[in-house]
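Reader: I would like to learn how the interface between two protein chains is described. May we work through an example by question and answer?

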Number of protein chains: 2
Amino acid sequence: MKSIKVFAPATIANVNVGFDSLGLALSNVGDTIELSVNNTKENKITEIINGGSIPLDVDKNCCSVVIRKMQEALNDYQGVDIRLVKGFASGSGLGSSSASSAAAAYAYNELVGSPYDNKELVAFAAEGERVACGAAHVDNVAPAILGGIILARGMNKEDIIQLPAIKNIYAVTFFPNIKINTANSRKILREKVAIETVSKQIALMGSFVASLYEEDLHLFKSSLKDLIVEPTRSLLIPKYEELKKVAFENKALAFGISGSGPSVFAFTFKKENAKKIQAALEETYKKTGIETKSYINEINDNTGARVID
Amino acid sequence: MKSIKVFAPATIANVNVGFDSLGLALSNVGDTIELSVNNTKENKITEIINGGSIPLDVDKNCCSVVIRKMQEALNDYQGVDIRLVKGFASGSGLGSSSASSAAAAYAYNELVGSPYDNKELVAFAAEGERVACGAAHVDNVAPAILGGIILARGMNKEDIIQLPAIKNIYAVTFFPNIKINTANSRKILREKVAIETVSKQIALMGSFVASLYEEDLHLFKSSLKDLIVEPTRSLLIPKYEELKKVAFENKALAFGISGSGPSVFAFTFKKENAKKIQAALEETYKKTGIETKSYINEINDNTGARVID
């Protein structure tokens, strides 16, 4: 194989109940990477479309860092030319660097004959997160590779758990184009959480997982509450409470902040409700002068990184 | 119906991952209550066997308090004589007051024609916990009524979730007869938890619930870790680390503190392993001079409160 083209999706991390451990994939929004064997031992970023300030330096770009880590682990250096097409904005809170890192890991693995399985790729993709965000979190990269809803206790294979999705649940994702730096968004979090709150949030994660296996929409709805992150991070998002209110008025089952924001998401049953929620969220921002993007995605298991063309 | 006899089981609360929300029932250890209609509007405690210092005063005894709450809710006062046989020690950390409260709620409900379903009884039994322990926790009373493994986010019906048990999992429960006051045991807990620890413990609850639905013993084992309560509460239990070590040497899948202690528990696959763990725990305490009791119970769904005789 001389070249390959791979798509990896945007992702919602945290998902109300799983700060730094839970994430899910948005099937039809994401990044596309093309790798071509260049017959050297070096990797090269040849082009980044819609990349903004994403670095072309192979030591700083998350894609080339991921590929280099794989080459080191395999002790086999098949240098590649890398062309990246960004499908959504950096800094959106939808796992921009993760989609690129996941695409790079998945594509290079395919190119060299699949020495790793998908769960093993998560640790490599996390190295892209480390270079892009300063920490190797996996709550975005794991679903960006595996698709669906992923609980990641860590980056080892046995710590990555695919949870079942409930049929006909749609995610509406709404991105207000304001700058929230991930590092700042982490700083606003309380460093310590009262034990009563901890106990409640743990129980909500437990009941969320049960709701997926039971396919219980009532339990799903009553579980998806964020007692830890939302109270502070929501302050950074203009009109957050208003967005939440109109989402629930339009049959949202849940509403929350995607990763470190500023994107927010709503879950709902059936596509027609998703469309109503999307319209209501857009309407809420109409007079703010803030540019927005929004997406509708069904949540299901076949939404991870994949070869295209 | 003029009289009824009901058994309700001892329970393990917290179960490593679910502080104040998770509990499970021990089928063959528990309390037995006998209620007999006394043709007055008043309840009376006629006898408590093995009750130690449990009060006979109907305003202070958890059984009579529960029954009075049910009478008030029903606005129907069928006074009963109450005879209670305690099957295990108060202060053991195995839900002693909860077993009595659960038995009382279940028995009175049966006696008056089952106006409530089992989940609705939890809130009444919790009133017994309030009088016995000062707080209406439900992580013991919910499994004592419903049996099996219960996740209780609160005391409302929709907050009580029955989780599936994995076949052939046994609990070994070991009670060292030392005094640990529940209130003191709560005081030793840190009031606030670092957010990194919170995130990890939340993920462990999520993967624990997944392990039950997946019937995945490896995931079950790797999930049952307590990062929040064990580090401090274990200090109150003599030889805790040694008990934990011998349990894992004998094929334990998990080891932890039951409720506020001093009882500890181990889970294992198959009864033969449970017997080995029980022997190893007993052996560890042999020279301490501390009296012990230990129990082996299969964890399954049919272990809640039930009419006997």
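Reader: How do strand 8 of chain A and strand 8 of chain B run where bridges join them?

Author: In this predicted model, strand 8 of chain B covers residues 192-194. One position of the pairing sets Ala194(A) opposite Lys192(B).

Reader: What area is buried between chain A and chain B?

Author: The size of an interface is often expressed as the accessible area lost when the parts come together. Here carbon and sulfur atoms give 72% of that area. On the side of chain A, Arg153(A), Ile195(A) and Ile202(A) lose the most, together 26% of what that side buries. The area buried between the two chains is about 2700 Å².

Reader: Which element of chain A supplies the largest share of the side that touches chain B?

Author: Contact links 35 residues of chain A with 35 residues of chain B. Strand 6 (160-163), strand 8 (192-194), helix 6 (195-214) and helix 7 (217-223) of chain A each supply at least two residues to the side of chain A that touches chain B. The largest share, 14 residues, belongs to helix 6.

Reader: How many residues of the side of chain A that touches chain B are nonpolar?

Author: That side also holds 9 polar and 7 charged residues. The nonpolar residues number 19.

Reader: How many salt bridges does the rule find across the interface of chain A and chain B?

Author: Polar contacts do occur between the two chains, with a count of 13 residue pairs. For salt bridges across the interface, the rule gives 0.

Key:
Residues numbered from 1 in each chain as written. Chains lettered and ligands numbered in written order. Predicted model: local features only at pLDDT ≥ 70, side-chain atom pairs only at ≥ 80, totals over all residues. Heavy atoms only, no water. Contact = heavy atoms within 4.5 Å. Buried area = accessible area lost by both parts, 1.4 Å probe. Salt bridge = Lys/Arg side-chain N within 4 Å of Asp/Glu carboxyl O. Polar contact = N/O pair within 3.5 Å; in protein donor to acceptor, adjacent residues only side chain to side chain. Helix = DSSP H or I, 4+ residues; strand = E, 2+ residues; numbered from the N terminus. Nonpolar A, V, L, I, M, F, W, Y, C, P; charged D, E, K, R; others polar. Pairing = 2+ DSSP bridges.
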